[in-house]
Amino acid sequence: LGNFPVENGDDSSSDESAQSPSAEGTTLASDLMKLCGETKARSKARRRTTTQMELLYANSDSAPDATTDFSSPMLSLAEIPDGGGVDMDLSGPSVRDYTALSPGFSSKMGSISGSRTVSGVEKRTPEPSPLSRRKTYDKAQAAADRAKVKEIKQGVINPVPSTKSSRSATLQCVHVAEGHSKAVLCVDCTDDLLFTGSKDRTCKVWNLVTGQEIMSLGGHPNNVVSVRYSSSLVFTVSTSYIKVWDIRDSAKCIRTLTSSGQVNLGDICASNTSRTVTIPSGENQINQIALNPNGMVLYAAAGNSVRVWDLRRFTSTGKLTGHLSPVMCLTVDRSGNNQDLVITGSKDHYIKLFDVSEGSVGIISPTHNFEPPHYDGIESLVVQGDIFFSGSRDNGIKKWDLDRKDLLQQVPNAHRDWVCALGIVPSFPALLSGCRGGVLKLWHTDSMGPLGELKGHESPINGIAANSSHLFTASDDRTVKIWRARGGLDSTMEAVDNADEVASN
């Protein structure tokens, strides 16, 4: 009893800590003697330092030797066998769950509970150390998390029942794609296929005809922040890597490209299953990728520049430079003389234009700097014919002329939050914008007059894509919503046109 640890591993601060250790030890010893039937204090024993094993295993018959395996799993209250040295009365209000962890003595409760004495000698099974308990708990937690992820069934695109108000709305949500376990960060589509990249480190491929998930492309080191599709190849971006997938027969990663211009055969990321936070030395975070209209050239915004990739040979041919901060977004159009017009938006508030002719190599400087700049970083860009639109963290949208290279119109406070995504509405001269607050707004592309707004998602909208009939919005709420512009948009646009005409007259 003299070797009983006074503090018993409880280092929480309390009023009792004000007492001297010797005083506490004396009280503790007398309490123990009363419980054991002894009333007189024993003759004073010489004091000696307790060993680490005695501190850890104060209640056990014998401390285990150093080679003992500490990894035995803990038993829950329900699994403790009878006669195993623990006998607890669970009916008392003072007995808490943690008595299972340290049966016998609990300094928090200030009393002795749960010990069974056999002819005055306590019989106990050695307990695992706190470290092994924590390791066992961590393993169990990790297994539970894995099981939870497996529980998520294959993704499915569900129809949204229409209401009377939604039928007359200018923009109607017709389907919701569900299946990602975390925020959806990017989206791309064709008339038959949908591609979604997520924080769950996968890119899902969906069949828009059947409404089913076809495949899930995994093995990414971190969030999938950008995805593009072109003629059976899917390009997914995570940290400083672009994975190139051939989805013709089975999802196979055929190349891995890096921000520094390296090409690796096959998949070099899949072997590392844990989430990677650090970017390798000499590499940069790739924020977005874009393909030129014929799908032969890939542009990747990494750091302050954009790397150019020739996809026929899978080689890096050059870089677009000139920005002073990371390039956050880019879009590619084709000029009349078969040049790629690459438009880039950066955190430095500026939008730049690059003319990239076929076969050009090395460092390419911008041919134009669009003025005036936004008041904050550029988050999104979209081209429509000879005009393009930019959305910024300054909450504003600007409309630019690609031929004259000047600002046509601007909506300073288009949203109450960052304008994170832009898309052109199919078959209508309308622009759709989405913000960090989850709000979607429609704008007349000619007048930039508002056509309506709605709460598209409860969380930030991270990307907008459009095919020939529908719009797709990706959000932090783990879904992609599919929208159709309704006939009501025609009458709304006519009203806006008439109002503009009256104003101009």
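Modeller: Let us begin with one span: the end C-alpha atoms of residues 177-216 lie 14 Å apart, and this span is 0% helix and 60% strand. Please keep in mind that the model is predicted.

Colleague: What makes residues 177-216 a span with a name of its own?

Modeller: The name comes from a record: an unreviewed UniProt entry carries the annotation "repeat: WD" for residues 177-216, 217-248 and 454-483. For residues 454-483, the end C-alpha atoms are 12 Å apart, and the span is 0% helix and 60% strand.

Colleague: Why is the contact between Lys-243 and Asp-267 called a salt bridge?

Modeller: The N to O distance between the side chains of Lys-243 and Asp-267 is 2.9 Å. The cut-off is 4 Å between a side-chain nitrogen of Lys or Arg and a carboxyl oxygen of Asp or Glu, so the pair qualifies. Lys-243 belongs to strand S13 (residues 241-246), whereas Asp-267 is in the loop between strand S15 (263-265) and strand S16 (286-291). The two residues are 24 apart and link distant parts of the chain.

Colleague: Is Lys-243 buried or exposed, and how do you know?

Modeller: The relative accessibility of Lys-243 is 1%, and buried means under 20%, so Lys-243 counts as buried.

Colleague: What makes Arg-248 and Asp-246 a salt bridge, and how are the two residues classed?

Modeller: Their side chains meet at 2.7 Å, N to O, and the limit is 4 Å. Arg-248 has 63% relative accessibility; exposed means over 50%, so Arg-248 counts as exposed. Asp-246 has a relative accessible area of 13%, which is under 20%, and therefore Asp-246 is buried.

Colleague: How do you know that Arg-404 and Asp-406 form a salt bridge?

Modeller: The closest N and O atoms of Arg-404 and Asp-406 are 3.5 Å apart, which is within 4 Å. Arg-404 is exposed because its relative accessible area of 56% is over 50%. Asp-406, with 27%, is partly exposed. Elsewhere, salt bridges that share partners join Asp-310, Arg-312, Arg-313 and Glu-358 into one network. By this rule the count comes to twelve salt bridges.

Colleague: Why is strand S17 described as mostly covered?

Modeller: Strand S17 (residues 297-302) has six residues, and six of the six are buried. Both faces are covered: Val-297, Tyr-299 and Ala-301 are buried on one side, and Leu-298, Ala-300 and Ala-302 are buried on the other. In a regular strand, side chains alternate between the two faces of the sheet.

Colleague: How do you know that S17 pairs with S16 and with S18?

Modeller: Pairing requires at least two bridges between the strands. Five bridges join S16 to S17, and six bridges join S17 to strand S18 (residues 305-310), so both pairs meet the requirement. The strands of each pair run antiparallel. Leu-298 of S17 is the bridge partner of Leu-291, and Leu-298 also stands opposite Trp-309 in S18. The hairpin of S16 and S17 has five residues between its strands, with Gly-295 in the turn at a positive phi of about 75°. The hairpin of S17 and S18 has two residues between the strands, and Gly-303 takes a positive phi near 65°.

Colleague: What makes S25 and S28 the edge strands of their sheet?

Modeller: The open sheet has four strands in the order S25-S26-S27-S28, with antiparallel pairing. Strand S25 (378-384) and strand S28 (406-411) each pair on one side only. The twist averages 20° from one strand to the next. Six bridges pair S25 with strand S26 (residues 387-392), and Ser-380 stands opposite Gly-391 in S26.

Colleague: Which residues have the most contacts inside the largest nonpolar core?

Modeller: They are Leu-171, Val-425, Leu-432, Leu-442, Ile-464 and Leu-471, in a core of 16 residues. Strand S6 (171-178) gives the most to this core, with three residues. Another core, of 15 residues, lies apart from it and includes Phe-235, Leu-257, Leu-298 and Phe-314.

Note on methods: Residues numbered from 1 in each chain as written. Predicted model: local features only at pLDDT ≥ 70, side-chain atom pairs only at ≥ 80, totals over all residues. Heavy atoms only, no water. Buried < 20%, exposed > 50% of the residue type's maximum accessible area, 1.4 Å probe, protein only. UniProt positions renumbered as here; feature names shortened; annotations may be inferred. Axes fitted to C-alpha atoms, helices over the stretch in contact; angles between N-to-C directions. Core = buried A, V, L, I, M, F, W, Y, C linked by side-chain atoms within 4.5 Å.
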